[in-house]
There are 2 protein chains.
Amino acid sequence: MQYTGHSWVMVMDRLECLFCARRYPLDVFEIFCPFCHEPMLISSTPRKRSFALDRSLSLEKYQSFLPLAHVTKTLSLGEGDTPLLPLDRVRRKHHLPPVYAKNETINPTQSFKDRGTAVAVQKAVSLGIKSIGTVSTGNMAGSTAAYGARAGLRTIVLLKADTPPEKIRAAGIYGPILLKVRGDYGELFAASLEIGRKHGIYFMNSIDPLRIEGYKITGYEIFQQLGGRVPRYLFVPVSSGGHLIGLMRAFLDLKEEGFTEELPVFVGVQAKGCSPVARAFAGGKARYSSFPHPATIAHAISNPAPPGGNLVLKLVRENKGMVMAVTDAEILAAQRELAELEGIFADPASATVLAALIKLSRRQRMSLKDEVVLVITGSGLKSMETTERLNIPVHQTSLSRLEKALRTIGA
Amino acid sequence: MQYTGHSWVMVMDRLECLFCARRYPLDVFEIFCPFCHEPMLISSTPRKRSFALDRSLSLEKYQSFLPLAHVTKTLSLGEGDTPLLPLDRVRRKHHLPPVYAKNETINPTQSFKDRGTAVAVQKAVSLGIKSIGTVSTGNMAGSTAAYGARAGLRTIVLLKADTPPEKIRAAGIYGPILLKVRGDYGELFAASLEIGRKHGIYFMNSIDPLRIEGYKITGYEIFQQLGGRVPRYLFVPVSSGGHLIGLMRAFLDLKEEGFTEELPVFVGVQAKGCSPVARAFAGGKARYSSFPHPATIAHAISNPAPPGGNLVLKLVRENKGMVMAVTDAEILAAQRELAELEGIFADPASATVLAALIKLSRRQRMSLKDEVVLVITGSGLKSMETTERLNIPVHQTSLSRLEKALRTIGA
């Protein structure tokens, strides 16, 4: 797999375990280290890497940082290149340093998952794989089904037995094989990988190493959009841990390549009602324990046994990051503020990052020079049911009384 | 309002009526010609216009074509710059010429409306207007509320009395004043403009001239993304008519500036169950009549008395375009194909364009050199209720029988 289209040469992709430093050839059916049972990552081989910003697709712009020898344009849905929006009104209200939202809801299926799926599907097609799959009830199901459809791959979506019909249809519209499975969700994750390996179905689940490569691009874009600066703080929700790991790898790449000497303070955020990693971090532990009885409105990150949890704890400690937890009340308040002050409709999982920033800014002094980036991971449109709790007021009138009604309301 | 940041000089913005050729100074509270009662457009004053593609916001890239002397970056939500995706699998299935989807669902509030709202809100803020509003039950409500929130404007959303709670919350999340109004929808549109004029509330409704300026950008982007070519056909759904009018003005601008000598064949598409403009076009009429008893699954374009209908008929005839109608069955089949073959989840209103292309390709010979662009205007996520009719199959099993179930299904 030599590539000479650029000034660099692609070496054979490898997987590495950061716990035992073992390396293996890339195998999409093997994502955990056989010795440590922790998720492996694509090993980054030092080479001359650079941004190709004149290209149209985000995968092409940052291709030299990715394990893709070739990018097939027709497989893309136009993922990435999302806006970095200043949050000036939120900033003023809470006396914060300069804050930006990296709005990942402006992706083809309205979540950050598309970046990971895009890389994994490119690799699947280049390897001649015909069947892909995922275990998900939300954003990842829709994203995998959409990219699978576009690539003409057989796509299997395994769902929890109690997934609501509307969530199923949001992925089902793309025509995947939908299969509801009764039983434990964690066991289903493991079973999918085992069956996939046996039958040649590439289950690109949450912590897949190629998915994580896609999330790196978000980090490069942030650096680029800030004019070649690294933010002081980077907040991102933590579910499986894959997204945060990808963002950390991105800035470590930039440092390794000499683009910067700084790293952001990485702040992983969980919902208090399901916060196994935040709890382990607070307790100074290297490994998390499964979280009993998860209960939070932030369904997209309600993951009681995140497969990347221990790797997050390791990377966060090594790079002076932290993992925080916020309550459902704080989440709902932050969701409302993002919408009412900034025009961004984030899902509760993404709203955690603003809640965490407000909390942290009260606990620790932030300077006006400390730029903060909040990664908004998914659209609130996909969890409309949670907005019922916001009690949004609606007035009523008739056409003949419209003018008077507007005056009464104070419009 | 002189502007000297570029090589061109902004003259005072004017409105023009294309029916009587009268011109008026721009007044955001006056959108219909006092003589013809037809919608007015921003008059394009010949000047040296060009693309500034090195800028980050779409409003800045095409600013010299817009009536904006200044772009305030913080008001933007990152609208525009949407992907133009080749639809190769749909093309092969239906033996079509090269087809592209201009995917407007990848906008901040998931529809093309954001482009129009962005321009109108820029102008509102520059004029010192403090209150804006709209009459809508869907995409325009969400878009106006989001941009209004970001700009810190008082925002009023007038709704039909029977608007479902979930649709209300999708706009209500941004904190506008929500007012359900009993009575005729067409009269509500007229009443909003009258009350707005009286009380200084800028109702940026469907056919607003500044909104239409925003839709022009989509045309410039298509030209740019095709490498400086004009497509042979451009399909776009028609509701009020504003979107199609904006796209036509874009290509007329390009011709006027000498970028091209060609224009696309503009194809406006309506749902048969509410097709006043298509019916008038088929009957060779210059003016449409209100459509009795509208009934279609494409709610976003179910407009029995479109305020821009006559202007669409005029422009389409003058520029060799056409207006077609497609049935609900054709719409649903096209919606499914866009998702299952290309990974794009369009709402039924947007799916009309693929249905119309398939229909037209059977009726009239298209050459392999005839590039076609379909404008996908809004996301299917906002009308999930219509997907119930697609009867998407879901299989069931248990964890222990998972492997066998997958084999049985043929995965």
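**Reading a two-chain model**

In this predicted model, 65 residues of chain B are in contact with 66 residues of chain A (in contact: C-beta atoms, placed from the backbone, within 7 Å). Residues are numbered from 1 along each chain as its sequence is written, while chains are lettered from A in the order in which they are written. Local features need pLDDT of at least 70, side-chain atom pairs count only at pLDDT 80 or more, and totals for chains, interfaces and linings use all residues.

Q: Which strand gives the most to the side of chain B that touches chain A?
A: Strands are DSSP runs of E, at least two residues, numbered from the N terminus. Here the answer is β8 (residues 177–182) of chain B, with 6 residues.

Q: Which strands stand at the edges of the open sheet in chain A?
A: Its 6 strands follow the order β4-β5-β13-β10-β11-β12, with mixed pairing. The edges are β4 (84–86) and β12 (322–326), each with a single partner strand, so one side of each is left without a neighbour in the sheet.

Q: How many bridges join β10 and β11 of chain A?
A: There are 5, between residues 233–237 and residues 265–271, and these strands run parallel. A:P237 stands opposite A:V269 there.

Terms used. Two strands pair if DSSP finds at least two bridges between them. Helices (H or I, at least four residues) and strands (E, at least two) are DSSP runs, numbered from the N terminus. Two residues are in contact if their C-beta atoms, placed from the backbone, lie within 7 Å.
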